[in-house]
Amino acid sequence: MPGGTPIPNRYIRSNLKSHRILWEEEHPCRWPFMKILRETSSLKEFYPEINPYVEAYKVRDNVWALFQESMDGAGDLWMYVIDGPEKVMLVDTGFGVGDLKGLVQHLVKSRDKEIIAANTHHHYDHAYGNAQFDKCYCHKDEEYSMRLRAMSPTIWDYLFDESGKNIYTQFDRADIIPYKEYELIPVPTGHIFDLGDGYEVEAVPLRGHSAGQCAYLDRRNHILFAGDITGVGGGYGADPAADNCNVETLWRDMQAVAARLDEIESIFPGHGCWDVTSSILRFELDALNRIMEAPEGNADGTRLFRRNGEEVRMFTMNIHQGTAVRYNLEHVYRKTPYQR
Ligand SMILES: [Zn+2]
């Protein structure tokens, strides 16, 4: 979503080749985390000669969080690398600006290990780097959206005006790794990615933000890479899974995850603060309970947005120790039966 103008006292020092032109202020619980991490943390690794658009943070012995600025005015994003015994898993692929594959190979010190690229969902900031890989995985309910919105050489055009100038974020168009066809492999709920030597990562759907938005559970580190789980809506007409884009689906998926909290120590989402205690999922479930009970009456906030010439009223429900769930009244309850 295009933002406003930079707020000078919210500036974060950066050596990235990208520079944001338009942005919105980060949620107040995210900004201090990002400021301290990016300006002062010794976890940070930066290899501009390989990829000047991504900062890497080593968060476990075999896990990195990769930071990239948003290229389209929305929130800055996180991708994640898990270096397994035989294979590497990459959760999300960012905007596709800069050599992501080369950076992953550099971090894991191998050009031979297979990289399993898996998307939490199809949005620009999570899947536009897919073409740097021969195949990419996603949840089966995300297949339609992925093919419709993330698999074409024209996906980056919206970032530039008629004269070819960057609209939201300054970066060199020549640094987009050119699109090529790749194989999309949809997987069912509970699918296990085997990184070798019994190292398992499980596909755990947390749908609602998109039809097949999926988290990935690193069973060895007890980390859940959650993706985007605080905004609900969207969905494309002809998509057989479009009815997942609502609060109810996220609420039901979240109940299933909350029942397994003893398997999860830490949450690493697609945006904002990471290495957050898994109780945040219970606090989010609490917010979802309150929405399901009275979507309008219980809301903590409301704001009018213009979308395609129409006014849409968005509501927010605050999450204890977190940000907030955003939704509108057309995307609360399911119209068809819930399916895992
Ligand atoms: Zn998203």
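Is Trp274 buried or exposed? Let's start there. This is a predicted model, so every value I give is computed from it. Trp274 has a relative accessibility of 7%. Buried means under 20%, so Trp274 counts as buried.

Now its partner. By the ring-pairing rule, the count comes to 17 aromatic pairs. One of them joins Phe268 and Trp274. Their ring centres are 5.6 Å apart, and the planes meet at 15°. Planes under 30 degrees apart count as stacked, so this pair is stacked. Phe268 is buried as well, at 0% relative accessibility.

Arg173 lies over the face of Phe160. The distance to the ring centre is 4.0 Å.

Next, helix H2. It covers residues 100–107. Why do we call H2 largely enclosed by the rest of the structure? Because six of its eight residues are buried. Those are Leu100, Gly102, Leu103, Val104, Gln105 and Leu107. What do they pack against? Strands. The list is E2 (44–46), E3 (54–60), E4 (63–68), E5 (77–83), E6 (87–91) and E7 (114–118).

Look at the two ends of H2. At the start, a side-chain oxygen of Asp99 comes within 3.4 Å of the backbone nitrogen of Lys101. After the helix comes Lys109, with a positive phi near 55°.

Thr93 is in the loop between E6 and H2. Thr93 is buried, with a relative accessible area of 2%. A polar atom of its side chain lies 3.1 Å from the backbone nitrogen of Gly129. Setting aside residues up to four places away in sequence, Thr93 touches Met79, Leu100, Ala117, Asn119, His126, Ala127, Tyr128, Gly129, Asn130 and Phe133. Note Leu100 in that list; Leu100 is also one of the buried residues of H2.

Ala117 stands opposite Cys136 in E8. E7 and E8 run parallel, paired over two bridges. On to the next pairing: E8 also pairs in the parallel sense with E10 (residues 183–187), over five bridges. There, Cys138 has Pro186 in E10 as its bridge partner. E8 itself spans residues 135–139. Four of those five residues are buried, so E8 is largely enclosed by the rest of the structure.

A quick general point on strands. In a regular strand the side chains alternate between the two faces of the sheet.

The six-stranded one has the order E11-E12-E13-E14-E15-E16, with mixed pairing. Which are its edge strands? They are E11 (192–194) and E16 (276–277), each pairing on one side only. E15 (residues 266–269) and E16 run antiparallel, joined by two bridges. Ser266 stands opposite Thr277 in E16. Phe268, from our stacked pair, falls within the residue range of E15.

The three-stranded one has the order E17-E18-E19, with antiparallel pairing. E17 (301–307) and E19 (324–327) stand at the edges. Each has a single partner strand, so one side of each is left without a neighbour in the sheet. From one strand to the next, the twist averages 25°. How many bridges join E17 to E18? Seven, with E18 covering residues 310–318. Among the residues involved, Arg303 has Met314 in E18 as its bridge partner.

Last stop: the other end of the chain. Ile12 is in the segment before strand E1 (19–20). Is Ile12 buried or exposed? Buried, because its relative accessibility is 14%, and the limit is under 20%. Ile12 and Pro32 are 20 residues apart in sequence, and their C-alpha atoms are 9.8 Å apart in space. Beyond its neighbours within four places, Ile12 is in contact with Trp31, Met34, Lys35, Arg38 and Glu39.

To recap, we began with Phe268 stacked on Trp274 and ended with Ile12, a buried residue ahead of E1. Thanks, that's my tour.

Conventions. Residues are numbered from 1 along each chain as its sequence is written. This is a predicted model: local features need pLDDT of at least 70, side-chain atom pairs count only at pLDDT 80 or more; totals for chains, interfaces and linings use all residues. Side-chain values use heavy atoms; hydrogens and water are left out. Rings of Phe, Tyr and Trp (its six-membered ring) pair if their centres lie within 6.5 Å; planes under 30 degrees apart count as stacked, over 60 as edge-to-face and the rest as tilted. Buried means under 20% relative accessible area, exposed over 50%, partly exposed in between (1.4 Å probe, protein chains only). A charge sits over a ring if NZ of Lys or CZ of Arg is within 6 Å of the ring centre and within 35 degrees of the ring normal. Helices (H or I, at least four residues) and strands (E, at least two) are DSSP runs, numbered from the N terminus. Contact means heavy atoms within 4.5 Å. A polar contact is a pair of N or O atoms within 3.5 Å; within protein, one must be able to donate a hydrogen and the other to accept it, and residues adjacent in sequence count only if both atoms are side-chain atoms. Two strands pair if DSSP finds at least two bridges between them. Axes are lines fitted to C-alpha atoms, for helices over the stretch in contact, and angles run from 0 to 180 degrees between N-to-C directions.
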